[in-house]
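Look over the sequence and the model below before reading on.

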Amino acid sequence: MKIYAISGLGADQRVFNHLTLDFELITIDWITPHQNEHIKEYSKRLSSVIDTNEAFCLIGVSFGGLIATEISKMLQPKKVILISSAQTKDELRPIYNWVGKSRILKFIPTFLFNPPRFLAKYIMGAKNSKLFYEILDDTDFSFVKWALQEFTAWQNTARSSRVLKINGTKDKLIPPKGTTRTKLIEGGEHFMIVDNANEISKIINFELRNT
């Protein structure tokens, strides 16, 4: 079984390099959003690289988890694993929904989506500073602005028994919440896909071996 993996907002395939998995991992690269494109249409375009002729599962990290959730409603993955993410809008902080409804992000200049490095590191709880800063240096902040608009405007309420969440107990951005089946990483923060890769790998391997 193949795993198709979608990284977090502004990140890329490097966040998966620390995982040790028993299954083939195929990372899906971000593509440029069309003007005024919404998350459902974007997810459909992104899913075109998935081979549905054989069994597969999805892994989505942070914003990538929202994309994985949308793709799973179109295709039929055996399992969806959401890391530092949410399955429904109700599992996100209420303030995100308020920001989405206000549409304030549309009026913020793109350069302001590039926060000071020390602040970004604190919010993400990144222990691997070198990799984190390298990813930030390569980030397209026009994409970040679009993604944050879609993140805060996300309205999904559909649930699936195929979903497993892996959340960190100290995640400042998307803390554990909701009734979706969840595995907790004690002390894990939002960058735990890298910082707690060994523990996360064991959970994923066990879950997929028993799917």
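Two residues are in contact when they have heavy atoms within 4.5 Å of each other. Helices (H or I, at least four residues) and strands (E, at least two) are DSSP runs, numbered from the N terminus. This is a predicted model, in which local features need pLDDT of at least 70, side-chain atom pairs count only at pLDDT 80 or more, and totals for chains, interfaces and linings use all residues. Residues are numbered from 1 along each chain as its sequence is written, and side-chain values use heavy atoms, with hydrogens and water left out.

**Helix 5**

- Leu 131, Phe 132, Ile 135 and Leu 136 of helix 5 are buried, where buried means under 20% relative accessible area and exposed means over 50% (1.4 Å probe, protein chains only).
- These buried residues fall within an arc of 135 degrees when seen down the axis of helix 5, so they line one face of the helix; the arc is taken from the directions from the helix axis to the C-beta atoms.
- An α-helix has 3.6 residues a turn, so residues three or four places apart point the same way.
- Lys 130 and Asp 137 are exposed on the other side of helix 5.
- The cover over the buried residues of helix 5 includes helix 4, helix 6 and helix 7 (192–195).

**The largest pocket**

- On a 1 Å grid over the protein atoms alone, a pocket is an open set of points with protein on both sides within 12 Å along at least five of seven lines, and its lining residues have an atom within 4 Å of a point.
- The largest pocket holds about 940 Å³ of space, a volume being the space filled by probe spheres set on the grid points.
- Its lining has 35 residues, and those nearest the centre are Leu 9, Met 124, Val 144, Leu 148 and Leu 173.
- At least two lining residues each come from helix 3 (94–102), helix 4 (117–124), helix 5 (129–137) and helix 6 (141–153), and helix 6 gives the most, with 5 residues.
- The lining of the largest pocket contains 29 nonpolar, 6 polar and no charged residues. Here Ala, Val, Leu, Ile, Met, Phe, Trp, Tyr, Cys and Pro count as nonpolar, Asp, Glu, Lys and Arg as charged, and the others, Gly among them, as polar.

**The second largest pocket**

- The second largest pocket has a volume of about 480 Å³.
- Of its 22 lining residues, Asn 36, Lys 106, Trp 146, Gln 149 and Glu 150 are the closest to its centre.
- Helix 6 gives the most to this lining too, with 7 residues.
- By class, the lining of the second largest pocket has 7 nonpolar, 9 polar and 6 charged residues.

- Glu 37 sits in the loop between strand 2 (24–27) and helix 1 (39–46), and counts as buried because its relative accessibility is 7%.
- Leaving aside neighbours within four places in sequence, Glu 37 is in contact with Tyr 42, Arg 45, Trp 146 and Glu 150.
- Gly 168 belongs to strand 5 (residues 163–168) and is buried, with a relative accessible area of 0%.
- Gly 168 and Glu 189 lie 21 residues apart in sequence, but 5.2 Å apart in space, C-alpha to C-alpha.
- Gln 87, in the loop between strand 4 (80–83) and helix 3, is buried at 2% relative accessible area.

Terms used: 1 Å grid on protein atoms, 1.4 Å probe; cavity = no way out; pocket = protein on both sides within 12 Å on 5 of 7 lines; lining within 4 Å.
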